[in-house]
Amino acid sequence: MYTTHTMDSYANSSRTSAPDRILVVDDNEDLVEMLSAVLSLEGYDPIPAYNGNDAVESMKVNHPQLVLLDRALPDSDGLDVCERMKAVDPTRFLPVIMVTAKAHRDDKLAGLAKGVDDYITKPFDMDELVAKVRVMLRIKTTEDKLRLRTDELARLHEAEKQMVARLTELDRLKNQFIATASHELRTPLSIIKGFANLLLRRDDFGFDRPTEEQYLHLIDSQVNALTSLVDDMLSASRIESGRVRLQRERIDLMPMVKRVLYTYAVAGAERGIDVAIETTEPATVFADPQHAEQVFVNLVSNAIKYSYDGGVVRVSVVTGPEQVTISVRDQGVGIPPGQMEQLFTKFTRLDNPRTVEAGGTGLGLFIARNWVEANSGRIWAESVEGEGSTFSFTLPRFREEASAPNEIARAVAS
């Protein structure tokens, strides 16, 4: 016999929030209809199913919060249906109450092994069934909260792991930068200090004017090296801050290219390196002039540093429909294929025969990449180890409509 609640008790317990969906699975249509009516009065949303396959399909579509499942179904055993429903979403807790005429110890143990969470025996008391439904739904709510919290903790743990890895990498880069910068600073400072001391004692040594000028030129060159080093550090710091102020304007490239090459031709000549430009056609771009020159200086300087004595450095400027491409080609040590991906990252100093003599902080190409990208261009390298490298970058061609305004704030990715 089934006992019933009064209609008033059902009405008073009705809910105002979205009702929990309960899948009612039984081949007895009258029983399904009766259970659905009671559950509806309790404020739930019953979903009927009359065999195992329909129950599994309804499970996939409706995602119920609880299942009332008959053990004896016409097409399958209720325990197998329970196992199939639980497998639809293994990470989600789905409470299943098995409704059965057999509730012996062995049957219950078999059901628990298949995922059954509770049993109710036919003929059942409706108060008991509704109470079990409420308890199971409370357990599900708690389980869902715990799962969400566990997922949140897992995400936080993964984020912390990534943060630790990032901080570890930053610490490694910081130590590498400090060691490199210390070496790069000490060398010119030692030279400056040494020749300054010599000049202070010129009366003791009797230096003539040409010797003094030679020493002063050496000091000046080392001051320039220090200035370049500090400029690289400041540029890297501005890039790392995430925002860079651009002063984009019309630039005639050839005067800048010739001026830089004239300066570096002297440094190249000291090692017998021929530095020259291959093309002289006019080229006009829309970019920040300081950035454009800094990138070009970096590429020409590197080409000379990593060239063998007596080599050749050639520069070409090619104007395309939308972009102007500037390339610097050398016949130097080249870059091993395995190191190409590291070229434009921070503090990269490649392992080759000229690395120690070339020096540097490893920031130049990192800065060049960010400056080029900030000016809507791209930069890349092609190289054959032992034969030389070609570094190229593009800048947008100048067009009248792109000239105003000439001051643009842009975020630069680090």
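Before I go on, a word on the basis: residues are numbered from 1 along each chain as its sequence is written, and side-chain values use heavy atoms, with hydrogens and water left out. Since this is a predicted model, local features need pLDDT of at least 70 and side-chain atom pairs count only at pLDDT 80 or more, while totals for chains, interfaces and linings use all residues.

Let me stay with the cavity. A cavity is a set of points, on a 1 Å grid over the protein atoms alone, where a 1.4 Å probe fits but cannot get out, and its lining residues have an atom within 4 Å of a point. The search gives 1 cavity of 30 Å³ or more, and the largest cavity holds about 40 Å³ of space, a volume being the space filled by probe spheres set on the points, which are joined across faces, edges and corners. At least two lining residues come from each of β1 (21-25), α2 (29-41) and β3 (66-70). Among the residues that line the largest cavity are Val 24, Leu 31, Leu 68 and Val 99, together with Asp 26 and Asp 70. By class, the lining has 7 nonpolar residues, no polar ones and 2 charged, where Ala, Val, Leu, Ile, Met, Phe, Trp, Tyr, Cys and Pro are nonpolar, Asp, Glu, Lys and Arg are charged, and the others, Gly among them, are polar.

Next, the salt bridges, each a side-chain nitrogen of Lys or Arg within 4 Å of a carboxyl oxygen of Asp or Glu; the count comes to 20. In helix α12 (residues 364-374), Glu 373 and Arg 369 are 4 residues apart, about one helical turn, and their salt bridge has its closest N and O atoms 3.6 Å apart. Salt bridges that share partners also join Asp 26, Asp 70 and Lys 122 into one network, and Asp 26 and Asp 70 were both named in the cavity lining. Asp 144 and Lys 140 form another bridge, at 3.2 Å from N to O, and both of these residues are buried, meaning under 20% relative accessible area, with exposed over 50% and partly exposed in between (1.4 Å probe, protein chains only). Which residue forms a salt bridge with Arg 71? The partner is Asp 77, at 3.2 Å from N to O; Arg 71 is buried at 15% relative accessibility, whereas Asp 77, at 29%, is partly exposed.

Finally, the aromatic rings. The whole structure has 3 aromatic pairs, that is, rings of Phe, Tyr and Trp (its six-membered ring) with centres within 6.5 Å, stacked if the planes are under 30 degrees apart, edge-to-face if over 60 and tilted otherwise. Phe 195 and Tyr 215 have ring centres 4.7 Å apart and planes at 45 degrees, so this pair is tilted. Because Phe 195 lies in helix α6 (residues 126-200) and Tyr 215 in helix α8 (residues 209-240), the pair ties together parts that are 20 residues apart in sequence. The pair of Phe 344 and Phe 391 is edge-to-face, at 6.3 Å between centres and 75 degrees between planes.

Note on methods:
On a 1 Å grid over the protein atoms alone, a cavity is a set of points where a 1.4 Å probe fits but cannot get out, and a pocket is an open set with protein on both sides within 12 Å along at least five of seven lines; lining residues have an atom within 4 Å of a point.
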